[in-house]
Amino acid sequence: MPRRILGLGLGLAGAGLALIAPAVAQNYDRHVVFDNARVAGPYHFSLASRTGQSELDYADARIPVDTDHFHSPPNSLRLTWTSRYGGDWRVAIDVQHYFRTNDFEGHRLTLWVYAEDEMGPDASPGLILTDHDGHSTPTVRLLGDIKTLPAHRWVPVHIALDGIHDLVNATSDSLVDLRRLASVTIVQGLDDGKPHILYLDDIRIDDPSAAPQGPQHVPAGLAAKGYDRHDDLSWQTDAGVDSYRIYRSIDGKPFEPIGIQKGHIGRYEDFLGASGKSAAYRISALDGDGRESPLSQTVSATTRALDDDGLLTMVQEAQFRYYWEGAQPDSGMAVEVMPGDPNQVAVGASGFGIMAMLVGIDRGFVTREQGVARFLKILRFLNTAERFHGVFPHYLDGRTGKRMAFFGKYDNGGDLIETSFLMQGLLCARQYFTRATPQEKEIRDTITALWRGVDYDWYRDGADSQFLYWHWSPDYGFRIHHPLIGWNESLIAYLLGIASPTHAIPPSLWHSGWAGQNETGIAYRRWWTRTTQGDHFTNGNSYYGIKLEVGEGNGSDLFFTHFSFMGFDPRGMRDDYTNYYKSNRAISLINQAYAIDNPGKFKGYGADAWGFTAGLHAGGRPSQANDNGTITPEGALGSFPYTPKESMAALKHFYRDLGAKTWGVYGFSDGYNETDNYFDESYMGLNQAPAVVMIENERTGLIWKLFMSNPEIAPALRKIGFRKD
């Protein structure tokens with residue numbers, strides 16, 4: 001079944017490109033519960049309610065973000081309430097959003113609070129902590145042991161978790177697992193009938209017995225570069241730093257704090273909103289207790305208008321950094337999601353990242369020598385990682401190369417789709433590193449050995465099988481037994497299986513498996529799409545006046561048109577069913593037309609705001625049954641070769657109109673939903689590379705040329721029956 005994903009520029013090589021140490025990468029996210037909201041307005045990851053005569057300030061069932069008060073810039077959460085007899089109010093703050101793997105470390109809960117008026121002990125709200133399994137603590141005082149909270153001053157509140165555990169042991173058989181904290185709930189305390197305002201910031205789980213010393217060094221290497229609407233700051237990271245604080249001065253005015261950055265990331269994007277604006281910057285380093293270093297030296301930058309080519313390069317460079325600066329340090333490969341498990345290496349996303357890195361090398365974002373070193377690290381890791389008949393698992397532990405059965409115990413073996421995505425990228429790299437040096441020869445030889453080792457024929461589950469199967473486990477065999485049947489992302493598996501020089505599958509599987517010209521294929525499509533439109537693989541219907549040759553319903557998620565086609569160039573040819581370039585263009589235009597039509601009446605949709613595909617918060621397919629108001633920028637940007645004009649308009653809207661809400665250290669974040677005031681702060685390995693690669697395919701055709709030049713590809717296409725269109 002097609003996947004449903006639940007749910008940084010110095011330009012050339014130099015400062016900011018060093019990999020981070022694993023311990024530093026994990027530290028911040030293993031302690032911080034809340035630091036800032038990405039946007040003002042109702043805080044998306046909160047749920048507020050009240051009953052009776054009690055009062056609570058909220059909108060759309062969410063409490064407000066406040067930009068005038070903060071402990072860590074630029075905002076905090078505001079609680080405004082009056083507790084009355086017979087009433088109640090509560091606010092739950094969700095901790096478990098994104099793909100974040102909650103693994104908090106510490107023995108106390110710390111939060112910084114600020115009161116508008118002095119607050120006595122009877123005014124304190126209550127606090128409840130709930131873990132991933134639904135176990136909750138008894139209610140404790142939000143202000144802990146503070147007797148009187150002073151007005152107009154940020155004060156840290158420390159609540160010992162061991163004390164809460166003692167209460168749990170006395171009242172319940174279920175101990176709350178605070179390593180897997182899922183929510184922090186604030187509830188009404190005593191009904192004093194008085195209005196109160198309290199600001200909350202920097203909520204974290206820490207350990208007073210292991211509190212680090214304050215940073216001893218001023219941050220070094222600060223540099224700034226202006227782009228079309230934003231300045232990019234970069235600096236050298238220090239292993240002893242919890243976070244960095246960024247200060248800005250405009251027009252010679254005093255420096256003011258504008259934001260923070262996690263300690264393992266040496267980059268920050270300051271969105272000024274216009275070209276021709278100058279700003280000066282300084283940064284400081286902080287430890288986990290908020291102790292701050294002296295400020296760095298001052299650097300300046302001026303935003304500058306970029307033409308279309310400049311904008312495209314800007315996006316490519318930023319999103320390339322996900323795979324370069326954000327890579328898992330031991331393996332050099334792509335992590336699944338940020339924030340998330342920093343050692344969960346995604347095999348398919350790494351294949352996409354390999355293609356993005358080839359673009360980065362070719363465009364000079366890093367040197368060829370740096371690229372060679374990175375590819376050698378990746379390939380030496382892959383050469384010793386676990387494989388199952390030559391097929392890698394969906395996820396690997398980047399430290400050990402061992403499988404990570406993230407989707408359950410039966411998913412503890414080979415994943416043919418993810419491996420095919422990886423091989424698509426590696427075969428491009430084999431054609432790129434052609435120089436007669438020992439290092440580039442090792443790259444080519446290792447890729448060839450890995451490629452020849454993939455036993456596509458094994459994943460048929462028998463010589464008479466008409467399909468490839470997604471998974472095989474050494475412990476459970478083909479228990480999952482998920483056949484690969486298009487239209488979806490599995491085209492590349494069949495193409496590479498037929499092209500395999502050692503373990504080839506019959507070309508007939510293109511028709512019986514990928515195109516599913518049989519009862520099994522028809523039943524499969526009906527099962528997951530719940531429609532007869534396109535259930536025979538071919539479609540023939542028109543949507544918004546655009547004829548669709550293949551695909552279920554109106555074409556489904558846009559990643560179907562990206563993931564298998566980042567290397568495979570479909571232009572100028574067709575098989576028995578369609579010209580895939582023309583079909584992919586039709587699917588992209590239908591996707592845009594759906595956004596213009598906007599049957600769900602969601603905020604922000606339009607001709608320059610489209611892109612319905614898999615993402616952390618996305619519904620996926622462009623249909624009312626799946627549409628939840630979320631747009632994933634990868635959808636429009638990955639369609640550049642099919643819809644260059646329409647995709648360029650979307651790029652400009654995402655960047656120039658939405659600005660800092662969608663743009664961050666690795667380019668455009670995963671998705672946004674203007675109706676819900678939701679703007680992702682996360683990035684996905686599967687969704688950052690398609691823009692880099694497909695923009696390049698539109699500009700120069702680089703990755704298409706590399707993949708198609710592999711000697712195994714053209715014969716495979718002839719065997720399938722591809723011909724000039």
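**Ground rules**

I'm working with a predicted model, where local features need pLDDT of at least 70, side-chain atom pairs count only at pLDDT 80 or more, and totals for chains, interfaces and linings use all residues. Residues are numbered from 1 along each chain as its sequence is written, and side-chain values use heavy atoms, with hydrogens and water left out.

**Entry 1: a sheet**

I looked up a sheet and found 3 strands in an open arrangement, ordered β14-β15-β18, with antiparallel pairing. Which strands stand at the edges? They are β14 (223-226) and β18 (267-271); each has a single partner strand, so one side of each is left without a neighbour in the sheet. From one strand to the next the twist averages 20 degrees. That angle comes from axes, which are lines fitted to C-alpha atoms (for helices over the stretch in contact), with angles running from 0 to 180 degrees between N-to-C directions.

My note on terms: strands (E, at least two residues) and helices (H or I, at least four) are DSSP runs numbered from the N terminus, and two strands pair if DSSP finds at least two bridges between them.

I then checked the bridges. β14 and β15 (residues 230-234) pair over 4 of them, in the antiparallel sense, and Ala224 has Leu233 in β15 as its bridge partner. Between β15 and β18, also antiparallel, there are 5 bridges. Asp232 sits opposite Glu269 of β18.

Is β18 buried or exposed? I count 5 of its 5 residues as buried, so β18 is largely enclosed by the rest of the structure. Buried here is under 20% relative accessible area, exposed is over 50%, and partly exposed is in between (1.4 Å probe, protein chains only). Both faces are covered, with Arg267, Glu269 and Phe271 on one side and Tyr268 and Asp270 on the other.

**Entry 2: cores**

Next I looked up nonpolar cores, meaning sets of buried Ala, Val, Leu, Ile, Met, Phe, Trp, Tyr and Cys residues joined through side-chain atoms within 4.5 Å. The largest has 149 residues, and Leu382, Trp510 and Tyr580 touch the most other members. Skipping neighbours within four places in sequence, Trp510 touches residues including Leu491, Tyr494, Ile498, Tyr577, Tyr580 and Phe722. Another core, of 44 residues, lies apart from the largest one; Tyr43, Leu111, Val155 and Val184 are among its members.

**Entry 3: salt bridges**

How many salt bridges does the structure hold? I get 37, each being a side-chain nitrogen of Lys or Arg within 4 Å of a carboxyl oxygen of Asp or Glu.

- Asp88 and Arg90 make one, with the closest N and O atoms 3.9 Å apart. Asp88 is partly exposed at 28%, and Arg90 is partly exposed at 36%.
- Arg656 and Asp228 make another, at 3.0 Å from N to O. This pair links distant parts of the chain, with Arg656 in helix α13 (residues 644-657) and Asp228 in the loop between β14 and β15, 428 residues apart. Arg656 is partly exposed at 27%, while Asp228 is buried at 0%.
- Asp725 and Lys582 meet at 3.6 Å, N to O. Asp725 lies in the segment after β34 (723-724) and Lys582 in helix α11 (residues 580-597), so the pair ties together parts 143 residues apart in sequence. Asp725 is partly exposed at 47%, and Lys582 is exposed at 53%.

I also noted one network, where salt bridges with shared partners join Arg108, Asp206, Asp287, Asp289 and Arg291.

**Entry 4: aromatic pairs**

I count 50 aromatic pairs. The rule takes rings of Phe, Tyr and Trp (its six-membered ring) with centres within 6.5 Å; planes under 30 degrees apart are stacked, over 60 edge-to-face, the rest tilted. Trp81 and Trp89 have ring centres 5.4 Å apart and planes at 40 degrees, so this pair is tilted. Both Trp81 and Trp89 are buried. Tyr605 and Phe612 are edge-to-face, at 5.2 Å and 65 degrees. Tyr605 is buried at 12%, and Phe612 is buried at 2%.

**Entry 5: a loop residue**

Last, I looked up Gln53, in the loop between β3 (46-51) and β4 (55-56). Gln53 is exposed at 57% relative accessible area. Neighbours within four places aside, Gln53 contacts Arg84 and Gly87. From Gln53 to Phe421, 368 residues along the chain, the C-alpha separation is 58 Å.

Key: Contact = heavy atoms within 4.5 Å.
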